[in-house]
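Subject: Structure handover

Hello,

Here is the structure I said I would pass on. Please open it next to this email and follow along; my notes come after it.

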Amino acid sequence: MNEQENVVELLQDIKGLLSHSKKVLNINDLVKYTGLSKSKIYKLSQLKLIPTGKNKHIRQLFFSKAEIDEWLLGEPNLSDEFLELQFNKQMLRNKKSGL
């Protein structure tokens, strides 16, 4: 590896470390921070199983890093089977309520 490649790698490492110091994360930050896929995060937010930002004037998903840390430490069930079960329950509730 030459010196220029080393500098680029070092800058990427620094950028990654700085992104973990943010207090508010967007979906891409959360993917990097948790290792979860975007689709799984979208499913979790749709089912209200992950804490998301509450500002009605912002359409983009955002997340409080502190709330995400608490949520992760609470050992959430992130299995596809559990998410599918929750999704089916929600669909059944919506069907019963006429939505």
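What covers the buried residues of α3 includes α2, β2 (62–64), α4 and α5 (80–96). Here, contact means heavy atoms within 4.5 Å. Helices (H or I, at least four residues) and strands (E, at least two) are DSSP runs, numbered from the N terminus. Buried means under 20% relative accessible area, exposed means over 50%, and partly exposed is in between (1.4 Å probe, protein chains only).

Before going further, two notes on the source. This is a predicted model, in which local features need pLDDT of at least 70 and side-chain atom pairs count only at pLDDT 80 or more, while totals for chains, interfaces and linings use all residues. Residues are numbered from 1 along each chain as its sequence is written, and side-chain values use heavy atoms, with hydrogens and water left out.

The buried residues of α3 are Lys40, Ile41, Leu44 and Ser45. They sit on the same side of α3, because they cover an arc of only 135° around the axis. The arc is that of the directions from the helix axis to the C-beta atoms. As background, residues three or four places apart in an α-helix point the same way, because there are 3.6 residues a turn.

α3 also packs against α5: their axes come within 10 Å and cross at roughly 40°. α3 is therefore oblique to α5. Axes are lines fitted to C-alpha atoms, for helices over the stretch in contact, and angles run from 0 to 180 degrees between N-to-C directions. Angles under 35 degrees count as roughly parallel, over 145 as roughly antiparallel, 65 to 115 as roughly perpendicular and the rest as oblique. The crossing of α3 with α5 is left-handed. A crossing has that hand if the near helix is turned anticlockwise from the far one by less than a right angle, and is right-handed if clockwise.

Which residues meet between α3 and α5? On the α3 side they are Lys40, Leu44 and Gln46, and on the α5 side Asp80, Leu83, Phe87 and Gln90. Gln90, in helix α5, is buried, with a relative accessible area of 19%. Leaving out residues up to four places away in sequence, Gln90 touches Gln46 and Leu47.

**The core**

The largest nonpolar core has 12 residues: Leu25, Ile27, Leu30, Leu36, Ile41, Leu44, Leu47, Ile50, Phe63, Ile68, Trp71 and Leu83. Three helices, α2 (27–34), α3 (38–46) and α4 (65–73), each supply at least two residues of this core. A nonpolar core is a set of buried Ala, Val, Leu, Ile, Met, Phe, Trp, Tyr and Cys residues joined through side-chain atoms within 4.5 Å.

The C-alpha atoms of Leu25 and Phe62 are separated by 5.6 Å, although the two are 37 residues apart along the chain.

**Helices α2 and α4**

In α2, the buried residues are Ile27, Asp29 and Leu30. Their arc around the axis is only 155°, which puts them on the same side of α2. Their cover includes β1 (24–26), α3, β2 and α4. Asp29 is buried, with a relative accessible area of 11%. Asp29 touches Lys22 and Val24, not counting residues up to four places away in sequence.

In α4, the buried residues are Lys65, Ile68 and Trp71. They fall within an arc of 120° seen down the axis of α4, so they line one face of the helix. The face turned away from the buried side of α4 carries the exposed residues Glu70 and Leu73.

α2 and α4 pack with their axes 12 Å apart, at an angle of about 40°, and their crossing is right-handed. Leu30, Tyr33 and Thr34 in α2 meet Lys65, Ile68, Asp69 and Leu72 in α4.

**Two loop residues**

Lys48, in the loop between α3 and β2, has a phi near 60°, a positive value in a residue other than glycine. Lys48 is exposed, with a relative accessible area of 72%. Glu75, in the loop between α4 and α5, has a positive phi of about 55° although it is not a glycine. Glu75 is exposed, at a relative accessible area of 69%.

Regards
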